[in-house]
Amino acid sequence: MKYLEYLRELRNRLLFSFLFMFFCFLFFFFKINLVIDVLTNPLYELLNNQENKRMIFTGLPEVFVSNLKVSFFVAFLFSLPIFFIQIILFTSPALYEKEKKVFVLVSIMSILFFFLGILFAYFFLIPMIWSFFISYESFVDGSLPIQLESRYAEYMKLTMFLLLASGLSFEFPIAIIFLTKLGVFNELFLKKNRKFFLIGILIFSALFTPPDIISQIGIAIPLIIFYEFSILFIKFFFKKKVKNA
């Protein structure tokens, strides 16, 4: 009977989380103009010519389908803390007090770093990438001008992709520290295998960013900094824990 009660509780918590996400989706879909203003603002601020401050779409359902995707993406972001809270509430009764503190701390830090990654992408990475792409506009006398005509669907897809990639990349130090806590990694292992981690970081940056060096560097540099910070954190924090034990 206890297993059925646990399954029933898990079902109820997941149902609550998905209902919350569904209502968020409805809210953002009907208030999509607010979301569009936020997501397109980095490009809007970079366009100097007032006539170019517009987007195009080339298929009848393009804007509608893109708005559905954007609404779902933003609803997912807003629902993420609710999912984590429900997971914590479901699993915490089965954990010891010490395990519960670690699990809650890791969950909070994961959410915090994920949204810090999104803010980093929105305020720093995306404007830098857009500025790099826009620099290829050409208005040379005696030749045809090369002007940006940004497609709505492509812009939204690329923006969501960069936000998600940056958010996931900021989970890197949390994952390393958590795995070290579990005994999978240690300071010596991370130092010895630094070159393999750096190669992995470069591969991740190449796969989860557009095919340009600016965005790849923009993701890779924070990951490298996080890696070195994780080693320092493990060196000082975990050694102190061992000594105190």
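## A buried glutamate and its partner

Glu-187 has a relative accessible area of 13%, so it counts as buried (buried means under 20% relative accessible area, exposed over 50%, and partly exposed in between, with a 1.4 Å probe and protein chains only). This is a predicted model, in which local features need pLDDT of at least 70 and side-chain atom pairs count only at pLDDT 80 or more, while totals for chains, interfaces and linings use all residues. Residues are numbered from 1 along each chain as its sequence is written, and side-chain values use heavy atoms, with hydrogens and water left out.

The side chain of Glu-187 meets that of Lys-191 in a salt bridge, at 2.8 Å from N to O (a salt bridge is a side-chain nitrogen of Lys or Arg within 4 Å of a carboxyl oxygen of Asp or Glu). Lys-191 counts as partly exposed because its relative accessibility is 36%. Both residues belong to helix α7, residues 187-192, and sit four residues apart, about one turn of the helix. In general, an α-helix has 3.6 residues a turn, so residues three or four places apart point the same way.

## The chain as a whole

How many helices and strands does the chain have? There are nine helices and zero strands, where helices (H or I, at least four residues) and strands (E, at least two) are DSSP runs numbered from the N terminus. The C-alpha trace spans about 75 × 50 × 20 Å along its principal axes.

Of the chain's 245 residues, 36% count as buried. Its accessible surface comes to about 15,700 Å², and 72% of that belongs to carbon and sulfur atoms; these areas come from the Shrake-Rupley method with a 1.4 Å probe, and for residues only the protein chains shown count as cover. Among contacts with a separation of 6 or more, 80% are between residues 24 or more positions apart (contact means heavy atoms within 4.5 Å).

The chain carries 23 positive and 16 negative side chains, and the centres of the two sets lie 17 Å apart. Here Lys and Arg count as positive and Asp and Glu as negative, while His and the chain ends are not counted; the place of a charge is taken as NZ of Lys, CZ of Arg, CG of Asp or CD of Glu. Side chains of opposite charge can pair when their charged atoms come close. A search of the whole structure finds six salt bridges.

One of these salt bridges joins the side chains of Arg-151 and Glu-62, at 3.1 Å from N to O. This pair links distant parts of the chain: Arg-151 is in the loop between α4 (97-134) and α5 (152-169), and Glu-62 is in helix α3, 89 residues apart. Are these two buried or exposed? Arg-151 counts as partly exposed because its relative accessibility is 28%, whereas Glu-62, at 8%, counts as buried. Arg-151 also forms a salt bridge with Glu-154, with the closest N and O atoms 3.4 Å apart.

## Along helix α3

Helix α3 covers residues 62-91 and includes Ser-79. Ser-79 is buried because its relative accessibility is 0%. A polar atom of its side chain lies 2.7 Å from the backbone oxygen of Ala-75. Setting aside residues up to four places away in sequence, Ser-79 touches Phe-20, Met-21 and Cys-24.

Phe-84 is also placed in α3, and its relative accessible area of 25% is why it counts as partly exposed. Beyond its neighbours within four places in sequence, Phe-84 is in contact with Ser-107, Ser-110 and Ile-111. Lys-69 is another residue found in α3, and it counts as exposed because its relative accessible area is 52%. Its C-alpha atom is 31 Å from that of Leu-7.

Thr-40 sits in helix α2, residues 32-46, and is buried because its relative accessible area is 16%. Which residues does Thr-40 contact, leaving aside neighbours within four places in sequence? They are Met-55, Tyr-155 and Met-156.

Helix α6 spans residues 172-181, and its buried residues include Phe-172, Ile-174, Ile-176 and Ile-177. After α6 comes Gly-183, which has a positive phi near 95°.

Technical notes. A polar contact is a pair of N or O atoms within 3.5 Å; within protein, one must be able to donate a hydrogen and the other to accept it, and residues adjacent in sequence count only if both atoms are side-chain atoms.
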